[in-house]
Amino acid sequence: MQNKGLIKLFALLFGLVSIYQLSYTFFTSKIESDAETFAAMKIPSSEEDYVSKREILEASYLDSIGKNPILGFTTYEEAKTKELNKGLDLKGGINVTLQISVKDILKGLAANTKNPIFNKALADADVASKNSDDTYLDLFFDAFENIKGDAKLASPDIFANKGLSDEINFQMSDDEVKPIIRRKIDESVVSAFEVLRERIDGFGVTQPNIQREGNSGRIVVELPGARDIARARDLLSSTAQLEFWETYEPGNQSLINFFIQANNRLKDIVVPAEDDLVKEESEIDSLLSDVAQDSLDLATERNPLFEKLQLNGPGFAIGIAAIKDTAEIGGWLRMPEIRRLLPADVQFAKFLWERPSKGTEVAALFALKSNRDNVPRISGDVVSDARDQFDQFNRPAVGMDMNVKGAKEWEKLTNEANLNNTGIAIVLDNKVYTAPGVTTVGGISGGSSEITGTFTVNETKDIANVLRAGKLPASAEIIDSFVVGPSLGQEAIDSGFMSFLIAMVFVLIWMIFYYGKAGIFADIALIFNIVLIFGVLASLGAVLTLPGIAGIVLTIGMSVDANVLIFERIKEEIAKGKGKGQAIADGFANALSSILDANITTGLTALILLVFGSGPIKGFATTLIIGILTSLFTAIFITRLLVDWYISGKGRSLDFSTAITKNLFTNMDIHFLSKRKVAYVLSFILVAVGVFSLATRGLDQGVDFVGGRNYQIRFVDPVNPTEISNELTEVFGSASAKTFGDANQIMVSTKYKVDVQGTEVDDEILNKLYTSLQKYLPDGATYEEFIPGGSNGDVGVLKYRKVGPTIADDIKQNAVWAIVGSLAVVFLYILLRFRKWQYSLGAVAAVFHDVLFVLGVFSITSSIMPFNMEIDQAFIAAILTVIGYSLNDTVVVFDRIREMVNERGWKGGANINNALNSTLSRTLNTSLTTLVVLLSIFIFGGETLRGFMFAMIVGVVVGTYSSLFIATPVMFDTLKKKILKDGK
């Protein structure tokens, strides 16, 4: 081998850099472990809210030692920026995809115009967006074009308004206006991106990740290690729309009369209860038993509104209701036929609920003095600074300072509130945080104000943070979210490490068992390969996920393939009578073509997975690609260096087998081609059964493809999923529960309110789940312990996923493109390498056979397997990997066929059989090691990966079969005339 010195130097530097990069991860892990131990010693688990208290203490500990030197060359703060990033499934946290509302931005650019054509175009774009992959802006332009008549985008009541007068004038055509609007939309999304970045920076998690998804208006945010899931979710979805409104005075008679009329009108709208039902005490009566009742006599008949809402709330509130009823009451008050009942002096009244304090079951309703345009007296853009502080009673609060314009308006507003005996409602994102009265005569000057309430320190920090960062230019809708509790993340690390260790040990022992001393050199190269993979991941700042660990473990199995190919070729060269040195040189040289072809085809499918996949699947593709590259380097160069070094010593002998394996698979003479018709019939029957099942039963599609929410919930004792399914169906209308791993763990899926956005819906579903499943939980289990990241990490919701219908369609489309793209790319690559379309046809036929077989197995067995077999993004990753593996096998076989045919001719197909027999040792060896590796992940890698691994196991088995009995026979039959002609 030439340039050995250069290769040694490169390998040494590569290894040292990898170890150097991984050292940061070791340092941070050690220090964070010390911080957890310190916090656990200081705050016992018996203390209330001990999880958040420990988190604060851990952060304080890490801050205190953050700049202390470590071994004289780094600090914890520096090491934290360079450590190996762990994904959500290993660390816990939250990943959300936010859709910035382009519709809101367009409305803002058009100054909230009432133009009917503009608003009709928006409505048409809303409808079209549900069934189109085009951007919302393009759909709006198309809709406007279809209905505009004589109207123009540059009309004074659309975009040629005062706000855009510097860029758009009345004379402009639509084609001139469109690029300006596109730029404005893009600027708004960039603004939203920066606002979110500032908020995240103030949140306090390490290694946050935020990125835009092309021009779709989507922003992906990942906060690994975020333990307070609800806090993180609220921080991301909040638009920070701060408003100041004047309330109506307590006991306003016009409003009381309105509520009485509304209640009477609702009697005709709301379906009354059956006459023979005994009227039970309403829940609001129960909750407010200590609150004085209004003098209204409501006992004689059904009163839909007053059974849920009690008038005369605390302070300046108009009423009070149970939190669970607020959505329904709010819906009633927004009905046009109810709004028409408002008297003239309160006709623009705006009704908003308070932000309920933690642990309470009721919320107050406020009536605010609004106007025809629903514009607040003061908005958040006048706030110049905000900070978390403590009020006069030493309670957490938020202080604000206003600019000159805001200070003047604030003084005027507070003066009017003082004269009218009304309150000032401070509203953030349509929730009333506080509504104090004003006692200062003449109003409050200076522009300083304070938001008080029942806050925690973290909440005041977050509110101040979002107010400083500024409001989002439009609403941010969470269309995809993935939440993992920290305890589940630790379990994933443990199970991933276990599967990794078992697979590694098996492969190391197997290589020594099969190849003797040569196997030891392959093992050294393999261990070095693992160090390089982790080192490259750390240096690139890539994120390690559980599927990523699966990718590394799979790389272990696949990296063996290169060494097997090399060692088998060396054995063949030795059998020809060549000396050890020459046999080794020729073995490495002759195996190179097969190694490169096999790894390139697998790498191409991994690249497609990287392009079309998302989240953890990208992690799988990333580690697979890195693993392929490092495996090539270690197998071709490191193993060669070690082998050459060993045989260069005097009196050293190196055999590439052991006494047991020396004659295995030698002189094989299986007539594969003569059995091809039997294989065709067998494959046809099996695939036909699978296709029939696919046509009649279909596949169990997960929320990735159909939209919805799923929740991984763990209990102490085993539960009956059928019983829970029936109970939850009564609550949600549509729900299913399946055993997920152990008998005390289930996966609940529901499409309940999947089209409704907002964190309120997420909270509502979690509340309903908690209420419905409470009897299965330990006695005294609280809601806070049940939700993800709760104080009892071993019981309750460990993980949940939400996928909106829009992004589900995108995921499904990307999955189709990924599979079609991989097949097309591989077809072209094999055509390029083998110069005959018959080879490509054989390879693609084998791949189609394998994919249909795996799909059929999943369709047939999904209802009987004791683990989750939903079709999701991970399954698509498995299918693509099966494609890569099947091609890997097929290409190795084709390479040997091509080599033998070039040397000896077709011989009527006899040399095809010879080629297949000569590769049999490699095929079975690689398949066996890969299968054991996959079984290791399947058994020990955790429930999340089980369906993924099952698809891979089936794929490896059928892929090995198809390379011998489908790909080669199809190639043979399509080239039969030429082969038979060359039969002499």
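Okay, let's start with a sheet: it has 4 strands, it is open, and the order is 8-9-11-10 with antiparallel pairing. Strands here are DSSP E runs of at least two residues, helices are H or I runs of at least four, and both are numbered from the N terminus. Two strands pair if DSSP finds at least two bridges between them. Strand 8 (309-311) and strand 10 (350-353) sit at the edges with a single partner strand each, so one side of each has no neighbour in the sheet. From one strand to the next, the twist averages 25°; axes are lines fitted to C-alpha atoms, for helices over the stretch in contact, and angles run from 0 to 180 degrees between N-to-C directions.

Before I go on, this is a predicted model: local features need pLDDT of at least 70, side-chain atom pairs count only at pLDDT 80 or more, and totals for chains, interfaces and linings use all residues. Residues are numbered from 1 along each chain as its sequence is written, and side-chain values use heavy atoms, with hydrogens and water left out.

Back to that sheet. Strand 10 and strand 11 (residues 362-368) run antiparallel and are joined by 4 bridges, and W353 has L365 in strand 11 as its bridge partner. Helix 12 (residues 326-334) packs on the sheet and touches strand 8, strand 9 (319-322), strand 10 and strand 11. Contact means heavy atoms within 4.5 Å. The direction of helix 12 makes about 175° with that of strand 10.

What about strand 17 (residues 448-451)? Its covered face holds S449 and I451, while S448 and E450 are on the uncovered one. In general, side chains in a regular strand alternate between the two faces of the sheet. Strand 17 runs antiparallel to strand 14 (residues 396-402), with 4 bridges between them, and S448 is the bridge partner of D401.

Now the loop between strand 7 (242-246) and helix 10 (253-269), where we find N252. Is N252 buried or exposed? Buried, at a relative accessible area of 7%; the cut-offs are under 20% for buried, over 50% for exposed and partly exposed in between, with a 1.4 Å probe and protein chains only. The side chain of N252 makes a polar contact of 2.8 Å with that of E249. A polar contact is a pair of N or O atoms within 3.5 Å; within protein, one must be able to donate a hydrogen and the other to accept it, and residues adjacent in sequence count only if both atoms are side-chain atoms. In helix 10 itself there's N264, partly exposed at 36% relative accessibility.

Last, helix 28. It has 32 residues, and 27 of its 32 residues are buried. Its C-alpha span, first to last, is 46 Å, close to the 46 Å expected at 1.5 Å a residue, where the expected span is 1.5 Å times one less than the number of residues. Just after helix 28, G905 takes a positive phi of about 85°.
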